[in-house]
Amino acid sequence: MIKVLFVCHGNICRSPMAEYVLKDMVKKRGLEDLFEIDSAATSNEEIGNSVHPGTRNKLRACGIPVGNHRAVRMRRQDYDHYDYLIGMEQWNLRNMYRIVGIGPEEDEPKKIWRLLDFGKHPRDIADPWYTGNFDVTYDDIVEGCEAFLGFVLPEQRGKIRQK
């Protein structure tokens, strides 16, 4: 099982968008049994709040179901539980390392990533809370999730065939 935790500042826009996009991608590929996918925040600001209406509306417009997500904060134990902890921007990564109590040089095996670092054009994913542009954020997240699957699935091919 590949365990993935998406992380952003408040866990109401980007990280739940990535969570639901990846869940939809693996479901359409018939791989949902191979993945555990969730999301969390680095801050306490939105804890308990539901997915931002802009994120919810964009996902619905794209035919991606949105569950009853409520924002939660990332915990130290998440580093031990998940195989990949994927932030949306450098600021998230800095805070993720702080939460788990290690530095980048101590992250072995490499678990903490920035989503678009899996792709051909590494960069931060803009926060639509500030930009208001959920379309650009969605496009970046789809790009990152596709690249992530391309990165992670080759090492899982034997397990997929055995199912």
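By contact I mean heavy atoms within 4.5 Å of each other. Keep that in mind for what covers helix 1. The model is predicted.

Let me start with helix 1. Helix 1 spans residues 14-28, 15 residues in total. From first C-alpha to last, helix 1 reaches 21 Å, close to the 21 Å expected at 1.5 Å a residue. Helix 1 is mostly covered, with 12 of its 15 residues buried. Among the buried ones are Arg14, Glu19 and Asp24, along with Met17, Val21, Leu22 and Met25.

What covers those buried residues? The cover includes strand 1, residues 2-8, as well as strand 2 and helix 2. It also includes helix 4 at 90-100, helix 5 at 128-131 and helix 6 at 134-152. After helix 1 comes glycine 30, with a positive phi near 70°.

Next, strand 3, residues 84-87. Is strand 3 covered on one face or on both faces? Both: Tyr84 and Ile86 are buried on one side, Leu85 and Gly87 on the other. On the pairing, strand 3 runs parallel to strand 1, over four bridges. Within that pairing, leucine 5 has leucine 85 as its bridge partner. Strand 3 is also joined to strand 4, residues 112-114, by three bridges, again in the parallel sense. There, glycine 87 stands opposite arginine 114. Between strand 3 and strand 4 the chain passes through helix 4, and this β-α-β crossover is right-handed.

Why does isoleucine 86 count as buried? Because its relative accessibility is 0%, and the cut-off for buried is under 20%.

Last, threonine 42. Where is threonine 42 placed? In the loop between strand 2, residues 35-41, and helix 2, residues 53-61. Threonine 42 has a relative accessible area of 4%, so this loop residue is buried. Not counting residues up to four places away, threonine 42 touches Val7, Cys8 and His9, then Arg73, and then Asn92, Asn95, Met96, Arg98 and Ile99.

Terms used. Residues numbered from 1 in each chain as written. Predicted model: local features only at pLDDT ≥ 70, side-chain atom pairs only at ≥ 80, totals over all residues. Heavy atoms only, no water. Helix = DSSP H or I, 4+ residues; strand = E, 2+ residues; numbered from the N terminus. Buried < 20%, exposed > 50% of the residue type's maximum accessible area, 1.4 Å probe, protein only. Expected span 1.5 Å × (residues − 1). Pairing = 2+ DSSP bridges. Right-handed = clockwise from strand over helix to strand, strands pointing away.
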